[in-house]
Amino acid sequence: MASVSLHNIVKHYDKTPVIHGIDLDIADGEFMVFVGPSGCGKSTLLRMIAGLETISGGTLRIGGVLANDVAPAQRKLAMVFQSYALYPHMTVYENMAFALKLAGHKAAEVRAAVERAADILQIAPLLRRKPKELSGGQRQRVAIGRAIVRKPEVFLFDEPLSNLDASLRVQMRVELSRLHGELKTTMIYVTHDQVEAMTLGQRIVVFNGGRIEQVGTPHQLYNAPANLFVAGFLGTPKMNFIPAEVVATGAARVSVRLPDGAIVHVDGVTGAAPGEQVTLGVRAEHLFVAAPQHEENVIQVAVGHVEYLGDQSIVYTTLAGLPGMIAVKQGAEAASLHTGGQTRVHLPPSRCLLFNAEGHALQHG
Ligand SMILES: Nc1ncnc2c1ncn2[C@@H]1O[C@H](COP(=O)(O)OP(=O)(O)O)[C@@H](O)[C@H]1O
Ligand SMILES: [Mg+2]
C-alpha cells in the first residue's frame, strides 16, 4: 500500500495546457474518487500517476518516493479501464495469470494468487472460460482480478463500470466497496458519474477544466459545497439557484430579497454585505409545501409539471421574475400539487446556502 502525493502537477499537450497545477495528497489505504464533467482532465491525471503520460511539471510521489520518471512497471500500480482489454484467445485463468508468469513467478505462486483473486471476485467457476463466454460484468471482474493478482500498492480505475448496464453498475459498486474493505489498498477511481462518486469515495475530488474545485468527504461536498460548480454538480435534481440581493445582515442571519420581492432569511452565514448580489442555493429535498403556520421564508410559486418517480415526486415550479424552475422533492403523492395551480413553498433558513458574485460559498459562521 502507498500514499500518492501530487504537487503542482501540470500537463500540456504541445502548447495547450489541460492540467493547471494540481496539489493533492491521497492517504495510504484511502479510496479517492476523481469526478468531473467529460474533458476536465481526470483520465489525463490518472494516466500521469500511472506513468502512461509524461508529467509536464510538478512532482509526483508514490509511497513518499519521487516517481515522475519511474517506468510504469516499476510504480507498483495496477490500472483497470472502461474497456476490459482481455486477451480473447486466453482463458480467464490465463488472462489473470499472464502478468505474474511474465514476471517470472513460480507456477504454484501464480495459481495461489489467481485462485485467491477469483474467490474474492466470485469468479472461480469461470476460470476455464474464454472472455467471449462471459457477460460484460463478468469480464470486468476478470479485468479487476488481473489487477488484484499483481498485489499493487495502488489501484487506478478509469470509469471501469461505464460499459455495464444500470443494475450491474449498482452491484459492482457495492462489490468495489467491499473489495476495498478487504484489500485495504489505496484506490483512485475516476468517474463522471456523481452517484458513483458519492457512494464509493471516502473522499472525492471535483475537477473542472483541469483544476480542482473542491476536495472532501461526500458529506462535506454535498452539504457544504465550496462554490456553485460543486453545488450544482452533485445531487439530483440539481440544487436550485435563485439570484438574490442581500438586504440585511445580522450576527448569524442574512436576509435576501428574491426576484419576486420575497424576503428570505438564511442562517449560519457570515461575510455578506447589504446591497451585495448573491445566489441563494437550496436543494429540492429541503423545500416543502408550507403549512399555514409558516409565515417566514415562504415563497409563492406556480406549479409547472410534476414528475412521479414511484417513491417520490419532483414538482417543478416557477417564481415570478425567475426564468428557471425551482424543483421541490415531495413524497410520492404530491396530492395537493397540480399543474397550473399555485402553492406556498417553505425554505428552511438553515438549509439555504449563499454564494457571492464570484460563485464562492459564503462562510458558515
Ligand atoms: N493525447 C492528447 N492530445 C491532446 N489533447 C488531449 C489528449 N488527451 C486528452 N487531451 C485533452 O485533454 C483534456 C482532458 O482530457 P481527459 O483527461 O481525457 O478528460 P476526462 O477523462 O476528464 O474526460 C481534454 O480537453 C482532451 O481533449
Ligand atoms: Mg476520461
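**Figure 1. Pairing of strands S11 and S12 in the predicted model.** Glu245 has Arg257 of S12 as its bridge partner. The two strands involved are S11, residues 240-249, and S12, residues 253-257, and they pair in the antiparallel sense over four bridges. The chain passes from S11 to S12 by a hairpin of three residues. As background, the strands of a sheet are held in pairs by backbone hydrogen bonds, and such pairs may be parallel or antiparallel.

**Figure 2. Strand S12 with strand S13.** S12 is also joined to S13, residues 263-267, by five bridges, and these two strands run antiparallel. Within this pair, Val256 stands opposite Val264 of S13. The hairpin of S12 and S13 has five residues between the strands. Gly261, in this hairpin, takes a positive phi near 95°.

**Figure 3. Polar atoms close to the oxygen atoms of ligand 1.** For Gly39, a backbone N or O atom lies 2.7 Å from an oxygen atom of ligand 1. Ser43 places a polar side-chain atom 2.8 Å from an oxygen atom of the ligand. For Thr44, the distance from a polar side-chain atom to an oxygen atom of ligand 1 is 2.5 Å. Ligand 1 exposes 570 Å² when taken alone, and the protein buries 56% of that area.

**Figure 4. Helix H1 and the residue after it.** Is H1 largely enclosed by the rest of the structure, or largely open? Seven of its nine residues are buried, so H1 is largely enclosed. The buried residues of H1 are Lys42, Thr44, Leu45, Leu46, Met48, Ile49 and Ala50.

**Figure 5. Two cysteines, Cys40 and Cys352.** How many disulfides does a search of the whole structure find? The search finds zero.

**Figure 6. An open sheet of five strands.** The order of the strands is S15-S19-S16-S17-S18, and the pairing is antiparallel. S15 (288-289) and S18 (326-331) stand at the edges; each has a single partner strand, so one side of each is left without a neighbour in the sheet. Inside the sheet, S16 (residues 298-308) and S19 (residues 342-346) pair in the antiparallel sense over five bridges. Gln300 stands opposite Arg344, a residue of S19.

**Figure 7. Phe31 in strand S3.** Phe31 lies in S3, which covers residues 31-35. Phe31 counts as buried because its relative accessibility is 1%. How far from Phe31 is Glu133, in sequence and in space? The two are 102 residues apart in sequence, and their C-alpha atoms are 32 Å apart in space.

Terms used:
Residues are numbered from 1 along each chain as its sequence is written. Chains are lettered from A and ligands numbered from 1 in the order in which they are written. This is a predicted model: local features need pLDDT of at least 70, side-chain atom pairs count only at pLDDT 80 or more; totals for chains, interfaces and linings use all residues. Side-chain values use heavy atoms; hydrogens and water are left out. Two strands pair if DSSP finds at least two bridges between them. A polar contact is a pair of N or O atoms within 3.5 Å; within protein, one must be able to donate a hydrogen and the other to accept it, and residues adjacent in sequence count only if both atoms are side-chain atoms. Accessible areas come from the Shrake-Rupley method with a 1.4 Å probe; for residues, only the protein chains shown count as cover. A disulfide is a pair of cysteine sulfur atoms within 2.5 Å. Buried means under 20% relative accessible area, exposed over 50%, partly exposed in between (1.4 Å probe, protein chains only).
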